[in-house]
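Keep the viewer open as you read.

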Amino acid sequence: MFIQQFYDSRERLQDVLAKHIALTLSQAISHRGHATFVVSGGTSPVGVFHRLAATPIDWSSVTILPSDERWVPESDAASNAAMIRRELLKDHASKARFFSLYDDNVAFEDAAEVMSDRVVALPTPFDYVLLGMGSDGHTASLFPDAADIDAALSSRKACVLAEPPSQAQSRISLSPQALLNSVAIGILFFGQEKADVFAEASLPGELNEYPVRVVLRQELVPVTSYFAL
């Protein structure tokens, strides 16, 4: 099931989405005693993060992990983990457990194997996956210009590596198989440029042209897009 939602303001979108995620996590905790929440990097989710951090749910029962990560330590300004800790893991949400996809004791070439073993040990299915989308149609770190994008999209591992020429840093990403092992997925994006890309990605075509299609073109998990100009 795929639902598209358009909001007339970013603030309204952020209010609605944060409340929906908080309710979803609370229901998961009530049913199973814990919840897992996958979050994207970038700037788009920051407003949602702030609203969630101010929401008094049982964050001590929530595990948060990024959908993808640049292979850099948290001291690097490009680190998704550092951004998530700064913008989400504060106030009420400071009690949540954070699971990092980066480990400076692991060589990049070994990271897919090592981190896949760690990810599959987490409680699944993930209760909510919040993804973004780039203006090239990538989601997580599944980039169309990566040389091994086809292998990444079809990987059976929980994590895949990416070294797309368009990006400054090497990356690790949850694979489509891992992302789709979830209860619900939201895709958040802003602006007319991304709206046009999303419209193109919603049309028939190869998955590797717009990798976000791997999420849109499946029937296992309900997906909702959240968009405002």
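A residue is called buried here when its relative accessible area is under 20%, exposed when that area is over 50%, and partly exposed in between. Keep in mind that this is a predicted model.

**Two single residues**

With that cut-off, Gln 218 counts as buried, because its relative accessibility is 13%. You'll find Gln 218 in the loop between helix H8 (213-216) and strand E10 (223-228). Its side chain reaches the backbone nitrogen of Leu 220 at 2.8 Å. If you skip the neighbours within four places in sequence, Gln 218 is in contact with Leu 180 and Val 223.

Now for His 20, which belongs to helix H1 (residues 10-32). Is it buried or partly exposed? The relative accessible area of His 20 is 34%, so this residue is partly exposed. Again leaving out neighbours within four places in sequence, His 20 is in contact with Tyr 128 and Tyr 226. His 20 and Leu 52 are 32 residues apart in sequence, and their C-alpha atoms are 9.9 Å apart in space.

**The sheet**

What is the strand order of the open sheet? The seven strands run E1-E10-E9-E6-E2-E3-E5, with parallel pairing. Strand E1 (2-7) and E5 sit at the edges with a single partner strand each, so one side of each has no neighbour in the sheet.

| Strand pair | Bridges and sense | Residues opposite each other |
|---|---|---|
| E2 (residues 35-39) and E3 (residues 62-66) | five bridges, parallel | Phe 37 and Ile 64 |
| E3 and E5 (residues 97-98) | two bridges, parallel | Ile 64 and Phe 98 |

Ile 64, for its part, stands opposite Phe 98 in E5.

E3 itself is mostly covered, with five of its five residues buried. That goes for both faces of E3: Val 62, Ile 64 and Pro 66 are buried on one side, and Thr 63 and Leu 65 on the other. To get from E2 to E3, the chain passes through helix H2 (residues 46-53), and this β-α-β crossover is right-handed.

**Helix H4**

What span should helix H4 have? H4 has 12 residues (residues 108-119), and at 1.5 Å a residue they should span 16 Å; the end C-alpha atoms are 16 Å apart, which agrees. The buried residues of H4 are Phe 108, Ala 111, Ala 112, Met 115, Ser 116 and Val 119. Looking down the axis of H4, these buried residues fall within an arc of 115 degrees, so they line one face of the helix. Over on the other side of H4, Glu 109 and Asp 117 are exposed.

And what covers the buried residues of H4? The cover includes strand E7 (159-162) and strand E8 (171-174).

How values were computed: Residues numbered from 1 in each chain as written. Predicted model: local features only at pLDDT ≥ 70, side-chain atom pairs only at ≥ 80, totals over all residues. Heavy atoms only, no water. Helix = DSSP H or I, 4+ residues; strand = E, 2+ residues; numbered from the N terminus. Expected span 1.5 Å × (residues − 1). Buried < 20%, exposed > 50% of the residue type's maximum accessible area, 1.4 Å probe, protein only. Arc of directions from axis to C-beta. Contact = heavy atoms within 4.5 Å. Pairing = 2+ DSSP bridges. Right-handed = clockwise from strand over helix to strand, strands pointing away. Polar contact = N/O pair within 3.5 Å; in protein donor to acceptor, adjacent residues only side chain to side chain.
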